[in-house]
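Welcome to a short tour for readers meeting this protein for the first time. Please take a look at the sequence and the model below, and then read on.

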Amino acid sequence: MELSGVVRIERANHYLRRAPRSQPAIGLKQTPKTRPTIFGTITEETKREENRLKNVVPQMQSLSAMFDKAGGGYDCQSTNCNENDALTFKDGNLVAGSTEALIQHLVPTKEYNPDRTYVFTFLLSSRLFIRPHELLSEVCQVCSFQQNLTSDNVQKHKLGKFGQNIIQLLSEWTEMFPYDFRDERMMKQLKEISQRVLKVYPELRHDIGAITHNLLNKLAQLNRYEEVLSKLNAEAVKRSQTQIAPTTDILEVCPSPLRLAQQLTHIELERLSQIGPEEFVQAFSKEEVSTQLPVFRDMKKTHNLEAYVQWFNRLSYLVASEICSHLKKKNRVKLVEYFIDVAKECINIGNFNSLMAIIAGMNMNPVARLKKTWAKVNKAKFGILELQMDPSNNFGSYRSCLKAAMWRAQGASDSREKIVIPFFSLFVKDIYFLNEGCSNRSETGNINFQKFWQLAKQISDFVTWQQVECPFEKHTDVLHYILTSPVFSETTLSLASFECEPPENSYDKERHKKLKSEAGL
């Protein structure tokens, strides 16, 4: 987008006035909290004016003032304010606006600083219609133009707190969405705007240095995480290819269900913490195709969300493999009851993702068909777990447990009670349907910001859960076993299941025969 596209929205500035707050009735509380979310607590609006809409212009420097600097002028009063050049508020909450106006609302001035909630929401959702490097370029251009930063005669006293405000925006961007800066274009623009600000505000050198230092640390941490993940996956694949039959089982490595649940929580929290909030938006934005713009696939710089889904699948297959690798029924019974106990401990911890993966593993057909094995298992215990996975009422039972865990975590002083690890596939599904169920644009063609508030609110909960550090002691031998132990493929799992308990009906007999033939047995 050229600078002229940004200048276009300035024509409404003659009507500039202090805008209502941009966030809906959820805001940052000033008092410290044990586990603050981006949105804080719900506050009650004192002023209720239903169905009353206000069109206001973004808070910015007037167009006439800009033209005065350039030696020109513009008569704002002679031009009607275009509705598309304004932000639309309802009951004091931002609900819609043009792309240009929303970008302008993000840009700080000497007197204006955008709400942290707005910054998070806009930076999160704007990638549905503009790439991060394009957005940062727009922000830099508007700042340079409004504050005349390219001039050799910048008068600092006229800029007021602009320096502090733009540095705060950059700090929040690099803190909330550090993975955006894996893009070299982003790093280049960050350096350029920082240098321009330093030229006018040399006293901010320490703050800018801290932003760069923290950002580079986060990116280096991501690189290390990806390297470790790659090595673990490579080792797991190698062991699966070279080891035909397991030489040990999980009970030998970790006989305690509680300890295994705690080690699973270590893995969950580590992998959860690496997912960038923008990855949820990228998961569906990358599929959009425009006739005017290339596919959005060049936006995605990480694959942590996919890696987390793969972890869920691995855990499910590990559970099934452990059970089906034993020919003796009593050993299979022992393992089934062991995993039931592990799942119960996961509930107590608040680790719902591992819980669901374990249940999914035991519900896989190769395990579920072992009737003689299940006949010896305490089915009442497993029934309680299956209730958590009951899809009726949109997983109502699970959602009630999740809310209870969230309520416990909000007021917790003990770090063990702060853990909330959601059933990830359902969390992603909720976000997907929110995106699909609401249009990105209103009937007037403006951006539907109400949808983006809802999207940001859901993802802000996830950001809170990510910030919890695992309080349990690490047991590297157990972790290594979980992450690298060979798991059966779907075919091998089915064959192992038939070895445990031969097929009884004609369908299973035919299937067993076909699988053996395909495997060359």
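Helix α5 runs over residues 132-147, and its 16 residues reach 22 Å from the first C-alpha to the last. That is close to the 22 Å expected at 1.5 Å a residue, where the expected span is 1.5 Å times one less than the number of residues. Helices here are DSSP runs of H or I with at least four residues, strands are runs of E with at least two, and both are numbered from the N terminus. Most of α5 is covered, with 12 of its 16 residues buried; buried means under 20% relative accessible area, exposed means over 50%, and partly exposed lies in between, using a 1.4 Å probe and protein chains only. Among the buried ones are P132, H133, L135 and L136. Just after α5, N148 takes a positive phi of about 55°.

A word on what you are looking at: this is a predicted model, in which local features need pLDDT of at least 70 and side-chain atom pairs count only at pLDDT 80 or more, while totals for chains, interfaces and linings use all residues. Residues are numbered from 1 along each chain as its sequence is written, and side-chain values use heavy atoms, with hydrogens and water left out.

Stepping back, the protein has 24 helices and six strands. Of its 521 residues, 49% count as buried. Contact means heavy atoms within 4.5 Å, and among contacts between residues at least 6 apart in sequence, 79% join residues at least 24 apart.

Now for the interior. A nonpolar core is a set of buried Ala, Val, Leu, Ile, Met, Phe, Trp, Tyr and Cys residues joined through side-chain atoms within 4.5 Å. The largest one has 134 residues, and L260, F339 and M362 have the most contacts inside it. Helix α13 gives the most to this core, with 11 residues. Because 16 of the 21 residues of α13 are buried, this helix is largely enclosed by the rest of the structure. As for L260, its contacts beyond neighbours within four places in sequence include F339, V342 and I482.

Rings of Phe, Tyr and Trp (its six-membered ring) pair if their centres lie within 6.5 Å; planes under 30 degrees apart count as stacked, over 60 as edge-to-face and the rest as tilted. By this rule there are 22 aromatic pairs. Two of them are shown here.

| Pair | Centre distance | Plane angle | Kind |
|---|---|---|---|
| W374 and F382 | 5.0 Å | 45° | tilted |
| F449 and W453 | 5.1 Å | 85° | edge-to-face |

W374 counts as buried at 9% relative accessibility, and F382 counts as buried at 7%. F449 and W453 both lie in helix α21 (residues 449-466), four residues apart, about one turn of the helix. F449 and W453 also belong to one aromatic cluster with Y118, F122, F129 and F452. F452 is in contact with S125, a residue of helix α4 (residues 116-125) that counts as buried at 0% relative accessibility.

Finally, is L327 buried or exposed? L327 counts as exposed, because its relative accessibility is 60%. L327 is found in the loop between α13 (304-324) and α14 (329-349). Although L327 and S497 are 170 residues apart in sequence, they are 8.9 Å apart in space, C-alpha to C-alpha.
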